[in-house]
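Here is a short report on one protein chain. Look at the model first, then read on.

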Amino acid sequence: MGKTLIVFCIMITVGICATGVICAWEQTDDPDLRVFEGKITAVDVSNSTITVNGGIEMKFQISQDTDLEKSTYDIKLSDINVGDYVTVEYYRSGSESRVPEKVVRVMVESWE
């Protein structure tokens, strides 16, 4: 019983720590930095935009400064496909606005 309890406590502690590490990058002191997650519904390479549905649909303008990543690899906008699940970090145009002003990072999540 004693060893089982210790192993159980270690598993819970590791789980809590892992969750904190995974979610830590979402926490910021900047009130205008936002994170939006969802599935890609459109990719427009010629206009450098992606549209993401995460309960609501939002269009994001991708710039040369935007970090595009899949796993640990840098990718191009043309590597992003409709149906991909992404996390988008962006600055909004003001504290009361939902309009994305500058996209900082797009991470394509792997669901394989």
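## The hairpin

Start with a turn. In the hairpin of β2 and β3, 3 residues sit between the strands, and G55 takes a positive phi near 100°. This is a predicted model, in which local features need pLDDT of at least 70, side-chain atom pairs count only at pLDDT 80 or more, and totals for chains, interfaces and linings use all residues. Residues are numbered from 1 along each chain as its sequence is written, and side-chain values use heavy atoms, with hydrogens and water left out.

Helices (H or I, at least four residues) and strands (E, at least two) are DSSP runs, numbered from the N terminus. Two strands pair if DSSP finds at least two bridges between them. Strand β2 covers residues 49-53, runs antiparallel to β3 and is joined to β3 by 5 bridges. V52 stands opposite M58 in β3, and N53 stands opposite E57 in β3.

Which residues of β3 are on its covered face, and which on its uncovered one? M58 and F60 form the covered face. E57, K59 and Q61 form the uncovered face.

Take K59, which lies in strand β3 (residues 57-61). Is K59 buried or exposed? K59 counts as exposed, because its relative accessibility is 56%. The cut-offs are these: buried means under 20% relative accessible area, exposed over 50%, and partly exposed in between (1.4 Å probe, protein chains only).

K59 still has partners. Contact means heavy atoms within 4.5 Å. Leaving aside neighbours within four places in sequence, K59 is in contact with T49, I50, T51 and P100. K59 and I40 are 19 residues apart in sequence, and their C-alpha atoms are 9.8 Å apart in space.

## The sheet

Now step back. The protein chain has 1 helix and 7 strands. From the N terminus on, the elements run α-β-β-β-β-β-β-β. An open sheet of 7 strands has the order β3-β2-β1-β6-β7-β4-β5, with mixed pairing. β3 and β5 (73-74) stand at the edges with a single partner strand each, so one side of each is left without a neighbour in the sheet.

Both senses of pairing occur around β7. β6 and β7 pair in the antiparallel sense over 8 bridges. Here Y91 stands opposite K102 in β7. β4 and β7 run parallel, joined by 4 bridges. There L68 stands opposite V106 in β7.

## Salt bridges

Side chains of opposite charge can pair when their charged atoms come close. A salt bridge is a side-chain nitrogen of Lys or Arg within 4 Å of a carboxyl oxygen of Asp or Glu. How many salt bridges does a search of the whole structure find? The search finds 2.

| Salt bridge | N to O distance |
|---|---|
| E69 and R105 | 3.9 Å |
| R105 and E89 | 2.6 Å |

E69 and R105 meet through their side chains at 3.9 Å, N to O. E69 lies in strand β4 (residues 67-70) and R105 in strand β7 (residues 100-109), so the pair ties together parts that are 36 residues apart in sequence.

R105 and E89 meet at 2.6 Å, N to O. R105 lies in strand β7 and E89 in strand β6 (residues 85-92), so this pair ties together parts that are 16 residues apart in sequence.

## The nonpolar core

A nonpolar core is a set of buried Ala, Val, Leu, Ile, Met, Phe, Trp, Tyr and Cys residues joined through side-chain atoms within 4.5 Å. The largest one has 17 residues, of which I50, V52, F60, I80, V88 and V106 touch the most other members. The elements that give two or more residues to this core are β1 (33-44), β2, β3, β6 and β7.

Follow V106. Not counting residues up to four places away in sequence, V106 touches a list of residues including I50, I62, L68, E69, I80 and V88.

## The whole chain

Of the 112 residues of the protein chain, 27% count as buried. Among contacts with a separation of 6 or more, 53% join residues 24 or more positions apart.
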